[in-house]
Amino acid sequence: MLTLFGWTSKKKVSRAEVLQKRAERRKKSTQPIATTTPKIQSRKERTTISPFERLALWWAYDIGIDLGTTNVLIYIKGKGVVLDEPAYVAWNINTHEVVAVGEDARIMLGRTPADIEVIRPLQDGVINNYDMTEFMLRYYIKSVLPASSLFKPRIVICVPSGITPVEKRAVIEAVLQTGARKTVLIEEPLAAALGTGLDKATSAGAIVVDVGGGTTDVAVLCTTGVVVSKSLRMGGDKFDEAIIAYIKRRRKLLIGRRTAEEVKIAIGTVDRKAPIEEITVRGRDIVSGLPKAITVTSKEVQKALERPVSIILEGIKDILEKTPPELVAEICDHGIILTGGGALISGFDRLITRAIGVAAYLVDNPRYSVIVGTGRALREMDRFQDSLEELQ
Ligand SMILES: Nc1ncnc2c1ncn2[C@@H]1O[C@H](COP(=O)(O)OP(=O)(O)OP(=O)(O)O)[C@@H](O)[C@H]1O
Ligand SMILES: [Mg+2]
């Protein structure tokens, strides 16, 4: 390039070169970013939209994301929940190539050759591996967005209530890197409350306990939004770890994370009075180092979970102590609203009711409360404007 008295004369480029460059660009933009494509599993929460909104879908998409420690869920305005995938990425540590994302990566957990590592980019509700979080988000967004959308999407994303500004910044950066036109943050407990049908305008006071995989968010909400909240680094993952530690200590058997989660889901309970159930568990005997199968009872699982569950109960008590007295009466009327996948463990509502003295209710489909609430915030953006943190 030659610059002379402000005039710029460009080097002449042949048509063949232009065509080759264009072909390269096209190839790059259509290349899959990983070798697998996540299945689009759920289209449950469908909404009716006006013809104008349908037309708007041609131009740009409004997306809600529940970026959870264990699962990522995506909502598209006008379509409902379009993606529900585990937050796992499998990559080759030598070539730095991603080999699988989502369920395909989760299946590989604990069964990979030495050079493949299966990771969860988020830990305890916050980003642990920035690059992989961005990759995973970009991959999921790309897999649900039709090629017809002309403009970049507007994204509403959930964050745990207690994350630091640095952790929040990391989420924002990751979303912006995916090509979002505008990013809006919503606190998880508020989204969960909206998803359970609570209306900010009419509900005077309510307490929501969202037990996720990495965090448990406890929040008191009233007409103006979140009054007091707490995010405990405690959830389903810690339940699994507690089961692993218990079986190792008491039964001298080493089991993996996936097995521990299977045990928790199959026979797990936090209720001391629950009828006893059994399951056969396979692992490695610590003494002999050989494979062994044992029978584990639900009573053992309940004992293993006593400590992590007591931390959640303490968290709820702590929040209630900080709640303005006027709201406490309202909370007693509404009861404690239980959401999140971790709350699905048998007997959790009964245990909370007994320990706190306020009735606790497990909502329908607790894993979907946050994403359904995010979708609602997206649809009624004007109404919830003051509770959303607009960033771009
Ligand atoms: N039936 C069940 N019984 C017990 N636990 C369950 C059940 N189903 C799912 N879980 C647990 O729920 C957790 C995932 O819940 P959820 O999808 O709400 O978490 P997340 O939103 O990804 O995490 P976070 O909100 O902490 O970032 C996992 O630990 C999983 O083992
Ligand atoms: Mg969650």
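This is a predicted model: local features need pLDDT of at least 70, side-chain atom pairs count only at pLDDT 80 or more; totals for chains, interfaces and linings use all residues.
Which residues come nearest to ligand 1, out of the 22 around it? They are Gly68, Thr70, Gly212, Gly236 and Gly341, where being around a molecule means having a C-beta atom, placed from the backbone, within 6 Å of it. Helices H7 (236-251) and H8 (257-267) each put at least two residues into that shell, and H8 gives the largest share, 3 residues. Helices here are DSSP runs of H or I with at least four residues, strands are E runs of at least two, and both are numbered from the N terminus.

Residues are numbered from 1 along each chain as its sequence is written, and chains are lettered from A and ligands numbered from 1 in the order in which they are written.

The largest nonpolar core has 96 residues. Such a core is a set of buried Ala, Val, Leu, Ile, Met, Phe, Trp, Tyr and Cys residues joined through C-beta atoms within 7 Å. A residue is buried if 20 or more other C-beta atoms lie within 10 Å of its own, exposed at 12 or fewer, and partly exposed in between. Among the residues with the most contacts inside this core are Ile74, Met136 and Ile157. Helix H4 (residues 130-144) gives the most to the core, with 7 residues.

An α-helix has 3.6 residues a turn, so residues three or four places apart point the same way. The length of H4 checks out too: at 1.5 Å a residue its 15 residues should span 21 Å, and its end C-alpha atoms are 22 Å apart, which agrees. (The expected span is 1.5 Å times one less than the number of residues.) From the other direction, Ile74 touches Tyr140 and Val144, along with Ile63, Ile65, Val82 and Leu83, leaving out residues up to four places away in sequence; a contact needs C-beta atoms within 7 Å.

All 6 of the 6 residues of strand E3 (residues 62-67) are buried, so E3 is largely enclosed by the rest of the structure. In a regular strand the side chains alternate between the two faces of the sheet. For E3 both faces are covered, with Asp62, Gly64 and Asp66 on one side and Ile63, Ile65 and Leu67 on the other.

E3 and E4 form a hairpin with 3 residues between them. The table lists strand pairs, where pairing takes at least two DSSP bridges.

| Strand | Partner | Bridges | Sense |
|---|---|---|---|
| E3 (62-67) | E4 (71-76) | 5 bridges | antiparallel |
| E3 (62-67) | E11 (154-159) | 4 bridges | parallel |
| E6 (89-92) | E7 | 3 bridges | antiparallel |
| E13 (205-211) | E14 (216-222) | 7 bridges | antiparallel |

Ile63 has Ile76 as its bridge partner in E4, and Ile65 stands opposite Ile157 in E11. Ile65 is buried, with 26 other C-beta atoms within 10 Å. Beyond its sequence neighbours up to four places away, Ile65 touches Val72, Ile74, Ile155 and Ile157.

One open sheet has 5 strands in the order E15-E14-E13-E19-E20, with mixed pairing. E15 (225-232) and E20 (360-362) sit at the edges with a single partner strand each, so one side of each is left without a neighbour in the sheet. Neighbouring strands are turned by 20 degrees against each other on average, direction ignored. Helix H9 (residues 298-322) packs on this sheet, touching E13, E14 and E15, and its direction makes about 150 degrees with that of E15. Angles run from 0 to 180 degrees between N-to-C directions, with axes fitted to C-alpha atoms, for helices over the stretch in contact. Helix H11 (residues 348-356) lies across E19 (336-339) and E20, at about 165 degrees to E20.

The other sheet has 3 strands in the order E7-E6-E8, with antiparallel pairing. There, Val89 stands opposite Val101 in E7.

## Gly268

What about the loop between H8 and strand E17 (278-285)? Gly268 is found there. With 27 C-beta neighbours inside 10 Å, Gly268 counts as buried. Gly268 is in contact with Val263, Val301, Ile345 and Ser346, leaving aside neighbours within four places in sequence.

Definitions and conventions:
Two residues are in contact if their C-beta atoms, placed from the backbone, lie within 7 Å.
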